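Open the model in your viewer and keep the sequence panel beside it. This tour goes stop by stop: what to select, and what is there.

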Amino acid sequence: MYTTNKKKLFISIIAIIFSSLTCIAYAERVDDLIDAQKEVKKNTQSKKEKLSTQKRELAETRDAITMGKKEYERTCSLCHGIDAKGNGVYAFELTIAPPDLTLIEKKNYGVFPFSNLYKIIDGREEVHSHGARDMPVWGDRFNSESWLDTNQRNSETLARGRIFELLLYLETIQK
Ligand code: HEC
């Protein structure tokens, strides 16, 4: 009788130890699963954030191109023409014919010379080594017009922004 009880006790203790071990192992597995789930959630969230940043950037670029197009039509088309091919209403009054702005990339071996064009349009820095400049200096003009902005932003930043938008637009109309 005594030995059977001892045996039973022994078996129960073994059983308790075994089930506790199983429980611990299971709990660890559940923890791992929860961690993995959290990781997946974090990754999807950062992917979503990245995607929405890309979308916003794309929308901003589109916006800038639209602004550039409006600026072009208002400021440049009189000489360079609405289609930018150099036949604006003032073109015939100029000693130098306004060039076709849709061929810039082609003339430059397939590369749109962003920073060089920036300097040409800004005009405050001499780019052509010879000849009189028939085109107005837009850097000065845009800078002096900046008082129109009610947000009191830096006038130089605004002038740069207008030229930058013009360039983004010009890039889209290259042949
Ligand atoms: C008063 C007429 C006139 C207006 C307005 C004008 N341009 Fe010009 N543009 C010219 C002429 C003329 C040239 C030829 C180069 C020169 O004057 O030295 C030229 C040259 C250029 C060039 C150089 C192209 C090349 O192939 O080298 C660019 C770029 C340009 N203009 C962009 C613009 C932009 C952008 C605007 C509007 C902000 C503008 N122009 C407004 C007359 C004008």
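**Stop 1: Tyrosine 72**

Select tyrosine 72: leaving out residues up to four places away in sequence, it touches Ser77, Leu166 and Tyr169. Two residues are in contact here if their C-beta atoms, placed from the backbone, lie within 7 Å. Tyrosine 72 sits in helix H1. Tyrosine 72 counts as partly exposed because 19 other C-beta atoms lie within 10 Å. The cut-offs: buried means 20 or more other C-beta atoms within 10 Å of the residue's own, exposed means 12 or fewer, and partly exposed is in between, with C-beta atoms placed from the backbone.

**Before moving on**

This is a predicted model: local features need pLDDT of at least 70, side-chain atom pairs count only at pLDDT 80 or more, and totals for chains, interfaces and linings use all residues. Residues are numbered from 1 along each chain as its sequence is written.

**Stop 2: The whole protein**

Zoom out and colour by secondary structure. The protein has 5 helices and 0 strands. Helices (H or I, at least four residues) and strands (E, at least two) are DSSP runs, numbered from the N terminus. Buried residues make up 11% of the 175 residues. Of the contacts with a separation of 6 or more, 40% join residues 24 or more positions apart.

**Stop 3: Helix H5**

Select 155-172, which is helix H5. Its 18 residues should span 26 Å at 1.5 Å a residue, and its end C-alpha atoms are 26 Å apart, so the two agree. The expected span is 1.5 Å times one less than the number of residues. Which residues of H5 are buried? They are Ala159, Arg162, Ile163, Glu165, Leu166, Tyr169 and Leu170. These cover an arc of only 155° around the axis, so they lie on the same side of H5. The arc is that of the directions from the helix axis to the C-beta atoms. Turn to the other side of H5: Glu156, Thr157 and Thr172 are exposed there.

**Stop 4: The largest nonpolar core**

Select Ala84, Leu101, Ile104, Ile121, Trp138, Phe142, Ala159, Ile163, Leu166, Tyr169 and Leu170. These 11 residues form the largest nonpolar core. Such a core is a set of buried Ala, Val, Leu, Ile, Met, Phe, Trp, Tyr and Cys residues joined through C-beta atoms within 7 Å. Helix H4 (138-144) and H5 each give two or more residues to this core. H5 gives the most, with 5 residues. Click on tryptophan 138. Beyond four places in sequence, tryptophan 138 touches Ile121, Asp122, Gly123 and Ile163.

**Stop 5: Two positive phi angles**

Most residues other than glycine have a negative phi. Select alanine 84, in the loop between H1 and helix H2 (104-107). Its phi is positive, near 65°. Alanine 84 counts as buried because it has 23 C-beta neighbours inside 10 Å. Next, select tyrosine 109, in the loop between H2 and H3. Its phi is also positive, about 55°. Tyrosine 109 is exposed, with 7 other C-beta atoms within 10 Å.

**Stop 6: The ligand**

Finally, select the ligand and its shell. Around it are 22 residues, the closest being Cys76, Cys79, Pro98, Asp134 and Met135. A residue is near a molecule if its C-beta atom, placed from the backbone, lies within 6 Å of it. H1 gives the most to this shell, with 5 residues.
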